[in-house]
Amino acid sequence: LKPGTCNARGAGPTAFCPSPPQRPQRLHPPPAMPLIAATSRRGMARLTARAARAYGTSLPIPNPPPGTGTVFHSRMQPPKYSLSNQKWFGLFFAMNAGVYAGHYMYLRLLMRQNPPNPPRD
């Protein structure tokens, strides 16, 4: 083909001829890129190791009295309310029964019933 002409039928030198598709060039990383990636991986590992140790408090941590081995023993702050297993489950099931009973009482006694459908022709 001559320059300025197209291979389409009837296309003259002034016809629009798209250029052939070109392959995109591959972008290769610069030679220092693996070094930077390895350095950043090491840096990230150091940061996560530091962050793992950085949780907690900035306040002074109390030391246990000599010979005890514990800082706060269980007799220091007894729980205000404590239910036995039997009492807790009894209360739990009583609350569930009350919720269900209240729901069905509302549906049966308080909620209006829809009128029946009118007869169809």
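Predicted model: local features only at pLDDT ≥ 70, side-chain atom pairs only at ≥ 80, totals over all residues.
So, which residues form one aromatic cluster here? They're Trp-88, Phe-89, Phe-92 and Phe-93. Residues are numbered from 1 along each chain as its sequence is written, and side-chain values use heavy atoms, with hydrogens and water left out.

Okay, the overall picture. The protein chain has two helices and zero strands; those are DSSP runs, H or I of at least four residues for helices and E of at least two for strands, numbered from the N terminus. Of its 121 residues, 1% are buried, and buried means under 20% relative accessible area, with exposed over 50% and partly exposed in between, using a 1.4 Å probe and protein chains only. The chain exposes about 12900 Å², with carbon and sulfur atoms supplying 61% of that; areas are Shrake-Rupley, 1.4 Å probe, and for residues only the protein chains shown count as cover.

Back to the rings. There are four aromatic pairs, meaning Phe, Tyr or Trp rings (six-membered one for Trp) with centres within 6.5 Å; planes under 30 degrees apart are stacked, over 60 edge-to-face, the rest tilted. Trp-88 and Phe-89 have ring centres 5.0 Å apart and planes at 80°, so they're edge-to-face. Phe-92 and Phe-93 are edge-to-face because their planes sit at 65°, with centres 5.4 Å apart. On accessibility, Trp-88 is partly exposed at 42%, as is Phe-89 at 38%. Phe-92 is partly exposed at 33%, while Phe-93 counts as exposed at 53%.

Last stop: a nonpolar surface patch, with about 870 Å² accessible together, whose members include Tyr-100, Met-105 and Leu-109. Patch residues have over 30% relative accessible area and no salt bridge; like charges are joined within 9 Å, nonpolar side chains (Val, Leu, Ile, Met, Phe, Trp, Tyr) within 5 Å. A salt bridge is a Lys or Arg side-chain nitrogen within 4 Å of an Asp or Glu carboxyl oxygen. Leu-109 sits in helix 2, residues 85-110, and it's exposed at 65%.
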